[in-house]
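Hi,

Here is the structure I promised to pass on to you. Have a look at it first, and then read on for what I found.

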Amino acid sequence: MKIAIVGPGAMGSLFAAYLSKAKEEVWLFDKNKERSEEINEKGISVEGISGNWQGKVNATAKAETIGEADLIIICVKSYDTKEASLSIKQLVGPHSLVLTLQNGLGNIEIIGEVVGQDKVIGGATNLGATLLDVGCVRHAGRGETIIGRIDGKIPVDLRQIREIFNKVGLETRISRDIKGLLWSKLIINVGINALTAITRLNNGRLIEFEGTRKILREAVLEATRIAKRKRIKLIYDDPLAKVEAVCEATSTNVSSMLQDVLKKKRTEIDFINGVIVRQGQELGISTSVNSVLLELVKTIEASYTLTVER
């Protein structure tokens, strides 16, 4: 199987490194030519809970160098999904599948508009990863990866993907209810990401302080009320307990949104807490806590270039 991973961020780099252990052809597709050349030469260095090790992958900024791939994994920020989908058109053949492992909602639909909905696989991962430098990633948290099709079917090629992932140590299972899966992941991100970006705390620290623990719980409860109104079946029975368990399991992880804030980059707040606020407005459900988190993160983004007056 030829596998192309789109996006050399924390999760893309971690998946590329792990998949390099398989006896498959693995490519990392990066729009930045210089960065792709550096990764192609040096490989990807991993440190953290899985030890210190090196993954060797092919990296390029030219889609034609890769050619048609059997599996294309999208690991870019949600606001770059459309651009990434257009950039991989040369990689998509008659039997190609495109897997999204992104945060937030709406990515499946955006990708499907470009490559065809029948080719898209939804996915979510609870792995924790922090990008330290180009081609250098810290594996900060263990967790399973869940994949599935919108129509709930489980064809042979989906089982093959699961087998490859599990073989290299990426604990993976298939779900027939991908909508429930993505909402389940969204609620976890709603509770963790914005709060870490605002407080600059690691995931695990959020539940050590009464203030952040209370805000986390309220944000999760708001999102859960919307999921119930929409009759979304979550993959866990107790959302609050699940979010707190993820905080513990990825206690040292620097969330992707906090990584963006520290690097003064655009965040995915509109695709996470912003989704809850918009859905709440449509359904007439109060989302006061998520609204505050949304506006605070947007203020942080808008103030990147400002300096503190003393």
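A69 stands opposite V92 of strand β7, in a parallel pairing where five bridges join strand β6 (residues 69-74) to β7. (Two strands pair if DSSP finds at least two bridges between them; strands are DSSP runs of E with at least two residues, helices are runs of H or I with at least four, and both are numbered from the N terminus.) This is a predicted model, in which local features need pLDDT of at least 70 and side-chain atom pairs count only at pLDDT 80 or more, while totals for chains, interfaces and linings use all residues. Residues are numbered from 1 along each chain as its sequence is written, and side-chain values use heavy atoms, with hydrogens and water left out.

On its way from β6 to β7 the chain forms a right-handed β-α-β unit with helix α4 (residues 81-87). Right-handed means that, with the strands pointing away from the viewer, the path from the first strand over the helix to the second runs clockwise. β7 is also joined to strand β8 (residues 120-125), again in parallel, by three bridges, and V98 has V120 as its bridge partner there. Seven of the nine residues of β7 (residues 92-100) are buried, so this strand is largely enclosed by the rest of the structure. Buried here means under 20% relative accessible area, with a 1.4 Å probe and protein chains only.

Now for the whole sheet. Eight strands form an open sheet with mixed pairing, in the order β5-β2-β1-β6-β7-β8-β11-β12. β5 (58-60) and β12 (172-174) are at the edges with a single partner strand each, so one side of each has no neighbour in the sheet. The partner of β5 is strand β2 (residues 25-29), joined to β5 in parallel by three bridges, and L28 stands opposite A59 of β5.

A129 stands opposite H139 of β10. Two residues lie between these strands, and G135 takes a positive phi near 70°.

Finally, helix α9 (residues 239-249) has P239, V243, E244, V246 and C247 buried. They cover an arc of only 155° around the axis, which puts them on the same side of α9; the arc is taken from the directions from the helix axis to the C-beta atoms. These buried residues pack against α7 (178-199) and α8 (210-229), where contact means heavy atoms within 4.5 Å.

Enjoy exploring!

Note on methods: Buried means under 20% relative accessible area, exposed over 50%, partly exposed in between (1.4 Å probe, protein chains only).
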